[in-house]
Amino acid sequence: MIVVIGVALGVVLGILTQPTIPPTLQPYLPIAVVAALDAMSGALRAHLDGVFSDRVFISSFFFNVLIAAFIVFLGDQLGVGSQMTTAVVVVLGIRIFANAAAVRRHIFKA
């Protein structure tokens, strides 16, 4: 429950303060958001399966964001940043939809 409150509070603060992102970090923001959504969908699935661990959630949240940003950074350095961004979004998107399907099956028993 604390995580949900923290996410809601973060969204509200972001909307109210409208922080500016430095131009050098702007390409990494969408990737960080998708990686964070992947971690949150995995946490919801784990909670419904009865195997949720706050340590696993926190570590996956930060490591997903860092690894995704690093892959995009590496792609930028190699000159293929947009392709790496697409690859990261596709992989994380597949994981998000797989978690969403598992949550749906759990909720609707289907």
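Where helix α3 meets helix α4, residues N64, A68, I71, V72, G75 and D76 of α3 touch G81, M84, T85, V88, L92 and R95 of α4, contact here meaning heavy atoms within 4.5 Å. By class, the residues of this contact of α3 with α4 divide into six nonpolar, four polar and two charged, where Ala, Val, Leu, Ile, Met, Phe, Trp, Tyr, Cys and Pro count as nonpolar, Asp, Glu, Lys and Arg as charged, and the others, Gly among them, as polar. The model is a predicted one, in which local features need pLDDT of at least 70 and side-chain atom pairs count only at pLDDT 80 or more, while totals for chains, interfaces and linings use all residues. Residues are numbered from 1 along each chain as its sequence is written, and side-chain values use heavy atoms, with hydrogens and water left out.

The secondary structure of the protein comes to four helices and zero strands, and from the N terminus on the elements run α-α-α-α. Helices (H or I, at least four residues) and strands (E, at least two) are DSSP runs, numbered from the N terminus. Taken along the principal axes, the C-alpha atoms fill a box of roughly 45 × 30 × 25 Å. Of the contacts in the protein with a separation of 6 or more, 72% are accounted for by residues 24 or more positions apart.

The geometry of the pair α3 and α4 can be taken up next. These two helices pack at an angle of about 155°, with their axes 7 Å apart; axes are lines fitted to C-alpha atoms, for helices over the stretch in contact, and angles run from 0 to 180 degrees between N-to-C directions. That angle makes α3 roughly antiparallel to α4, a description given to angles over 145 degrees, whereas those under 35 count as roughly parallel, 65 to 115 as roughly perpendicular and the rest as oblique. The crossing of α3 and α4 is right-handed, and a crossing is called right-handed if the near helix is turned clockwise from the far one by less than a right angle, left-handed if anticlockwise.

Helix α2 and helix α3 pack at an angle of about 150°, with their axes 8 Å apart, and α2 is therefore roughly antiparallel to α3. On the α2 side the contact is made by I31, A32, A35, A36, D38, A39, M40 and A43, and on the α3 side by F57, S60, F61, N64, V65, A68, A69 and V72. This contact of α2 with α3 has 13 nonpolar, two polar and one charged residues.

The axes of α2 (residues 29-49) and α4 (residues 81-108) come within 9 Å and cross at roughly 25°, and the two helices are therefore roughly parallel to each other. Their crossing is left-handed. The residues of the contact of α2 with α4 divide into 14 nonpolar, five polar and four charged.

Helix α4 itself has 28 residues and reaches 40 Å from its first C-alpha to its last, close to the 40 Å expected at 1.5 Å a residue, the expected span being 1.5 Å times one less than the number of residues. Its buried residues are G81, V88, L92, G93, N99, A102 and V103, where buried means under 20% relative accessible area, exposed over 50% and partly exposed in between (1.4 Å probe, protein chains only). These buried residues of α4 pack against α2 and α3 (54-78). After α4 comes K109, whose phi is positive, near 55°.
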